[in-house]
Amino acid sequence: AKQQDGAAAMEMQPLKSAEGGEGDDKDKKKSNMHKKEKSVLQGKLTKLAVQIGKAGLVMSAITVIILVLYFAIDTFVVNKKQWLPECTPVYVQYFVKFFIIGVTVLVVAVPEGLPLAVTISLAYSVKVRNVKNNHGREM
């Protein structure tokens, strides 16, 4: 009877060959769907990272605009210099330098360790809370 049950169970299994690989594909799709689901913490971290990225982008743009305006006002209004064709490469160097500073601000605004730091701090706070709760109980 055990052999017959085993044979019946084998017949019920989906085939893993090229002809009947549909069951295997369904299992892969189900496992991929489970992998795509995010926990609440992952969702909040993703939202926080996007917000920090947008804020960093805005701040870097503001930095570049302020540097360009300061340079232009100081050079052409306060010091009353003319834009001479022979000075164009020097001015372009300043503008490139301002752009590099803006990119640096953007890169620094979103540190790689942010998600890791938040996860570790939350795990630590949960651990501390559990330790405090366990000390309050009598054994």
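Trainee: What is the handedness of the crossing in which helix 3 passes helix 4?

Mentor: In this predicted model, helix 3 passes helix 4 in a right-handed crossing. The term applies because the near helix is turned clockwise from the far one by less than a right angle.

Trainee: Why is helix 3 called roughly antiparallel to helix 4?

Mentor: The axes of helix 3, residues 40–78, and helix 4, residues 88–109, cross at roughly 155° and come within 8 Å. Angles over 145 degrees count as roughly antiparallel, and therefore helix 3 is roughly antiparallel to helix 4. Both values are quoted because two packed helices are described by the angle between their axes together with the distance between the axes.

Trainee: What makes K80 stand out in its backbone?

Mentor: K80 has a positive phi of about 50° although it is not a glycine. The value draws attention because most residues other than glycine have a negative phi. K80 sits in the loop between helix 3 and helix 4, and since exposed means over 50% relative accessible area, its 66% makes K80 count as exposed.

Trainee: Which residues does T75 touch, and is T75 buried or exposed?

Mentor: T75, placed in helix 3, touches K80, K81 and Y91, not counting residues up to four places away in sequence. Its relative accessibility of 9% is set against the limit of 20% for buried, and therefore T75 counts as buried.

Trainee: Where is T119 found, and which residues is it in contact with?

Mentor: T119 is found in helix 5, residues 114–135, and, leaving aside its neighbours within four places in sequence, T119 is in contact with L41 and L45. The C-alpha atoms of T119 and Q42 are separated by 9.0 Å, while the two residues are 77 residues apart along the chain. At 33% relative accessibility T119 falls between the limits of 20% and 50%, so T119 counts as partly exposed.

Trainee: How many helices and strands does the chain have, and what share of its residues count as buried?

Mentor: The secondary structure comes to five helices and zero strands, and the pattern read along the sequence is α-α-α-α-α. Of the 139 residues, 9% count as buried. The chain exposes about 12100 Å², with carbon and sulfur atoms supplying 65% of that area. Residues 24 or more positions apart account for 69% of the contacts with a separation of 6 or more.

Trainee: Where does UniProt place the feature "transmembrane region"?

Mentor: The UniProt record, an unreviewed entry, places that feature at residues 57–78 and 98–124. In the model, residues 57–78 are 100% helix and 0% strand, with their end C-alpha atoms 30 Å apart.

Technical notes. Residues numbered from 1 in each chain as written. Predicted model: local features only at pLDDT ≥ 70, side-chain atom pairs only at ≥ 80, totals over all residues. Heavy atoms only, no water. UniProt positions renumbered as here; feature names shortened; annotations may be inferred. Helix = DSSP H or I, 4+ residues; strand = E, 2+ residues; numbered from the N terminus. Buried < 20%, exposed > 50% of the residue type's maximum accessible area, 1.4 Å probe, protein only. Contact = heavy atoms within 4.5 Å. Areas by Shrake-Rupley, 256 points an atom, 1.4 Å probe, with all protein chains shown as cover. Axes fitted to C-alpha atoms, helices over the stretch in contact; angles between N-to-C directions. Parallel < 35°, antiparallel > 145°, perpendicular 65-115°, else oblique.
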